[in-house]
Amino acid sequence: MERWMGKVAIVTGASSGIGAAIAKELALTGLITVGLARRDNWVETMKAELPPEAASRLHAFPCDVSSEQQIWQAFEFVEQNFDGVDVLVNNAGTYEKVDLLAAGNTDALRRSLDVNVLGLTLCSREAFQSMNKRAVDGHIIHINSIEGHKVPFYPGANLYPASKHAVTALTETMRIELQKAGSKIKVTSISPGFVRTPMVELCDTYNDLQVEKMPMLNPEDIAHGVIYALGTPPHVQIHELTIKPVGEAV
């Protein structure tokens, strides 16, 4: 990780859960870390959980990744204050608790695509432009899901599995484009199983499945996966990293 010391990372959806754990871990590791979130004040409060030196490396900026304008503003902030981004972690995601075929669910469907697919794509585009302009061999990491590879049997999933399958495909599409461009920027998909975050409780069948009794990961486990992917030598690229708790049957 020595080569990332003092470099700049952006983490989307950094106010809670996996995103918060990743932002704190990157700051602890030595990266200047900008946490993007609608609730940017939550990112600010996270500084109290870090040693002073790491806390000084953590910065918050308000951003809803469903808004292209806000994405532009966030990356402009990073360019003006830190010269640009070296690492992007696309963590922001939404799970809309509406059946796919339910009447009047268009807003929920659109929100799923805007955040989970288009937001990730636009942030990746802006990160690539920043890295490419400065000839930086950076790293783009997508926080995907096991639902990006297999659709589990439960109702109420809406477009979440479809959006995560899109992330799996987008990861490969970006890798092809980077290879074609002769770039050494890495792209990694990290697919967690069940993680103990508020999003898990949004599942319609939470009580029926007794999810609270299932084996679960902690957000910090995914943050450690990000550090593992970043810590590989320049010639090594983790394409897909699946992280599941021992005993998970999904």
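Accessible areas here come from the Shrake-Rupley method with a 1.4 Å probe, and for residues only the protein chains shown count as cover. On that basis the accessible surface of the protein comes to about 11900 Å², of which 54% belongs to carbon and sulfur atoms.

Before the rest, two remarks on the source. This is a predicted model, in which local features need pLDDT of at least 70 and side-chain atom pairs count only at pLDDT 80 or more, while totals for chains, interfaces and linings use all residues. Residues are numbered from 1 along each chain as its sequence is written, and side-chain values use heavy atoms, with hydrogens and water left out.

Now the overall build. The protein has eight helices and seven strands; these are DSSP runs numbered from the N terminus, helices being H or I of at least four residues and strands E of at least two. Its radius of gyration is 17 Å, close to the 18 Å that the globule rule gives for 250 residues, so the protein is as compact as a globular protein of that length. That radius is taken over C-alpha atoms, and the rule is 2.2 Å times the number of residues to the power 0.38. Along the principal axes, the C-alpha atoms fill a box of roughly 50 × 40 × 35 Å.

Of the 250 residues, 52% count as buried, meaning under 20% relative accessible area, with exposed over 50% and partly exposed in between (1.4 Å probe, protein chains only). Taking contacts between residues at least 6 apart in sequence, 72% join residues at least 24 apart, where contact means heavy atoms within 4.5 Å.

On to the rings. Rings of Phe, Tyr and Trp (its six-membered ring) pair if their centres lie within 6.5 Å; planes under 30 degrees apart are stacked, over 60 edge-to-face, and the rest tilted. The count by this rule is three aromatic pairs. In one of them, F61 and F77 have ring centres 4.7 Å apart and planes at 25°, so they are stacked. F61 lies in strand 3 (residues 58-62) and F77 in helix 4 (residues 68-82), so this pair ties together parts 16 residues apart in sequence. F61 is buried at 15% relative accessible area, whereas F77 is partly exposed at 21%. Together with F82, F61 and F77 form one aromatic cluster.

What are the ring geometry and the class of the pair Y95 and Y160? Their centres are 5.4 Å apart with planes at 50°, so the pair is tilted. Y95 lies in the loop between strand 4 (87-90) and helix 5 (106-133), and Y160 in helix 6 (residues 160-180), so parts 65 residues apart in sequence are tied together. Y95 is buried at 9%, and Y160 is buried at 10%.
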